[in-house]
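Hello,

Here is the structure we discussed. My notes on the ligand sites follow below it.

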Amino acid sequence: MADEPGARVPYLADRLQGFGTTIFAEMSALAVRTGAINLGQGFPDYDGPPEVLDAAVAAIRTGQNQYPPGRGVPTLREAVARHQRRFYHLVYDPDTEVLVTAGATEAIAAACLALCEPGDEVVVLEPTYDSYQASIAMAGAVPRFVRLEPPGYRLDLDALRAAVSDRTRLLLVNSPHNPTGTVLTREELAQVAALAVERDLLVVTDEVYEHLTFDGAEHVPLALFPGMRERTVTISSGGKTFNTTGWKIGWLCSTPGLVTAITTAKQFLTYVNGGPFQPAIAAGLDLPDDYFTGLAAGLAAQRDELCAGLVEAGFGVFRPQGTYFVTVDIRPLRPDGDGMGFCRELPERVGVVAVPNQVFYADPDAGRHLVRFSFAKRPEVLREAAARLAKLGAGA
Ligand code: PMP
Ligand code: GLN
């Protein structure tokens, strides 16, 4: 949560007090105002593949500009089903088991609204991507956090087990994980799955960074594990995979029953979105394998570039295995560990924007000394950012 503690927003319902303005909006506005390099909000400064861009232009030019069907255009639903089969051997019926959404964000919100009764508990990994807490709150549900701790940011399975109660309705899992860059291993996921089956839980998995893993780390969907296909809602989005974060084309795959339930909520949130962008993302999902491997390889090199710069600058660096993000401990450079203060001052001091990880924690103190940088930027931009950050050690 980006708000200062105690700041009450007039008119706003109690359940949304404390959510304020998202940190991404605040920090991107700061980057625009100061002309700083924006390594805060996670979006690339380069375009998606030409096949995808051309398909969107073609769709606009050929009149695909009205409401698409409620569940999404058939071409995209079919492409999502083909993608799940091609990469993971997961089989979904495009007509009954796939739903297109306004980004992964809407899929998560619709899942919480459709599946939770007020007072139900949702178990989430902490640090927690910011929209989860708001979606859980809008559903009147209650988050229960399972902390990933640096330096390894691994999942503590005993803590996960302890977080599940008789009130638990959902496990909301995110791997590859924002902001830590953790990619849950097959062994960790198998234990999550076993717990979900044992406690008869529904599982929502946010896999928007599914193609952004490094150093041989493998993304494995939770739906693949025994007993999981029928209890898992798998969410992803085209934003990260095709460098089109502004298009907001997401989707979810699940059983016909769960998809129908979630569609009920989704249809009254946006009904539909992004008509001409849906066939364009379908074209992207059908790109050959080397597109996907090239995307990850490029980002791995960008990660290396930025991590080297952050180490050089003197931060404690937690090297990620996936996503767009690297988290650092600022205390070697700022002994009071005030990450929010550090991020608010950084643009003026050296012309770089980052995000304070405290906004991803229910108790901001837990992430106070941690700051997230995005490496979804061109190598020359990352080199310039590293050169600027290097000045911090010299007292800038
Ligand atoms: N989940 C995670 C973990 C994210 O980092 C983001 C940000 N892209 C989203 C969901 C939202 O995805 P979308 O832009 O497709 O709504
Ligand atoms: N997912 C992006 C991030 O973590 C931001 C998306 C947003 O601005 N809501 O930076």
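A polar side-chain atom of Arg 372 comes within 2.6 Å of an oxygen atom of ligand 2. I count a polar contact as a pair of N or O atoms within 3.5 Å; within protein, one must be able to donate a hydrogen and the other to accept it, and residues adjacent in sequence count only if both atoms are side-chain atoms.

The model is predicted: local features need pLDDT of at least 70, side-chain atom pairs count only at pLDDT 80 or more, and totals for chains, interfaces and linings use all residues. Residues are numbered from 1 along each chain as its sequence is written, chains are lettered from A and ligands numbered from 1 in the order in which they are written, and side-chain values use heavy atoms, with hydrogens and water left out.

Back to ligand 2. A polar backbone atom of Gly 42 is 2.6 Å from one of its oxygen atoms. The side chain of Tyr 129 places an N or O atom 3.3 Å from a nitrogen atom of ligand 2. Residues around ligand 2 (a heavy atom within 4 Å) include Phe 24, Asn 178 and Phe 325.

Now ligand 1. A backbone N or O atom of Ala 104 lies 2.8 Å from an oxygen of ligand 1. Tyr 129 is listed around ligand 1 and also around ligand 2.

Best wishes
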